[in-house]
Amino acid sequence: MGTTEEEKVMDELEKGVVGRGRMEEGKEEGAQEWEEILVGSLRLGKRVYYKIMFYILLLSLVWYNRLIYARPAPAPAAIQVEGLPQFVLDYAPLVYLDTGEAYFPSDIASQIDNTHPAINLTAIPNPPALTVENLDTLNTFGQNGMNVFLTSNLDVSKTPSWLLGEVPDSTTHKTAKAISCAIITTDHGNGSLDAFYMYFYAYNQGNTVFGKELGDHIGDWEHNMIRFKDGKPQTIWYSQHGNGEAFTYKAVEKNGLRPISYSAKGSHANYAIVGKHDHTIPDLNLPDGLLVDHTSKGMLWDPTLNSYFYSYNPSTAGFTGLNGSPTGAMAFKGKWGDEQYPDSDKRQSTFFGFKKYVGGPTGPWDKQLNRTQVCPDNGILCIIRDALGP
């Protein structure tokens, strides 16, 4: 059947209308799909955005925490002292004072300025003006100076400010106003050398036993000693009350090359680890007991930055000052604090035979600077530990 021209026109119009309808439907469907994709993308974008912000916040908190609590890590000692082997400074210990410490490293000269020499609790009449340079002139008194006590000019029970010492700077780790250390070397020959790092405090606060504070004294010398072989550290000694502990250098905690020493609250005994240390039995530091020291990672002190420097000659028992260091204070044979107060003194008290105040200590000359082993030659077995612990 033939198709008229009119029918062809109508057919094309119908196709056009249907096509446009289908196109419009396709456009609507496409728009809806794009809308769904866009909405989904926005939702996904929000989730990604929130995740990104969460991680940024988390990282910010982590870095903030590190900035607040991280302690600056000092580089090996940059100072140089003519006549002193550089390795003695490069491997010098760093000291963490306890967080509860009240008596900080003290100026050696200030101890002399705030005391007067006395024998048997009686002041020596008309003594010379004493300094770190000439303190050993007191060795002409009282059994070559051994009976002389540097006695406080003020009542120590009132805690005069000079007893408190100097808080190390939190950035430089120096005791800016105090020379609080003496570094002394003893050369044994054949590449063997001992380096003593002597730390000085104006006051020793004793342990508290059953609520009684016992064993306080004016003046306090503590030390680490490192034995070197051909410039390499082998072992290290930590002084503690009447004895101490020895470790291999490899075993101890270090900051770079420098071993860490933890100074106990009040007593300033030196330990290789933080925590509680019972020292009732020498060389056996149990985690608890009757006489307990406490150590923690408090203020960091670099003793090398404010120190005198010496070499010691075992043959003559003499000191040679390096870098202009005065020798009089090292050669002084007397005590660096008050003599033990008698029971008649109102400041004194007794608890089962133990005294509140005991006599001051001797100085570095009396710390066995010419030892056979890293431990003092005191008859106590020398145990060199190769792992940290009590």
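The model is predicted.

Start with the sheet. Strands of a sheet pair through backbone hydrogen bonds, either parallel or antiparallel. Here three strands form an open sheet in the order 3-2-4, and the pairing is antiparallel. Strand 3 (122–123) and strand 4 (149–152) are the edge strands, each pairing on one side only. Strand 2 covers residues 115–119, and four bridges join strand 2 to strand 4. Look at proline 117: leucine 150 in strand 4 stands opposite.

Now turn to the nonpolar cores. In soluble globular proteins, nonpolar side chains tend to be buried together. The largest nonpolar core holds 30 residues. Which residues have the most contacts inside it? They are Leu135, Ile184, Met330 and Trp336. Several elements give two or more residues to this core, including helix 3 (108–113), strand 5 (181–189), strand 6 (192–204) and helix 4 (328–331). A second, separate core has 27 residues, with Val95, Phe104, Tyr249 and Val252 among them.

Go back to leucine 135. Leaving aside its neighbours within four places in sequence, leucine 135 is in contact with Ile112, Leu130, Leu150, Gly328, Ala329, Phe332 and Trp336.

Methods. Residues numbered from 1 in each chain as written. Predicted model: local features only at pLDDT ≥ 70, side-chain atom pairs only at ≥ 80, totals over all residues. Heavy atoms only, no water. Pairing = 2+ DSSP bridges. Core = buried A, V, L, I, M, F, W, Y, C linked by side-chain atoms within 4.5 Å. Buried < 20%, exposed > 50% of the residue type's maximum accessible area, 1.4 Å probe, protein only. Contact = heavy atoms within 4.5 Å.
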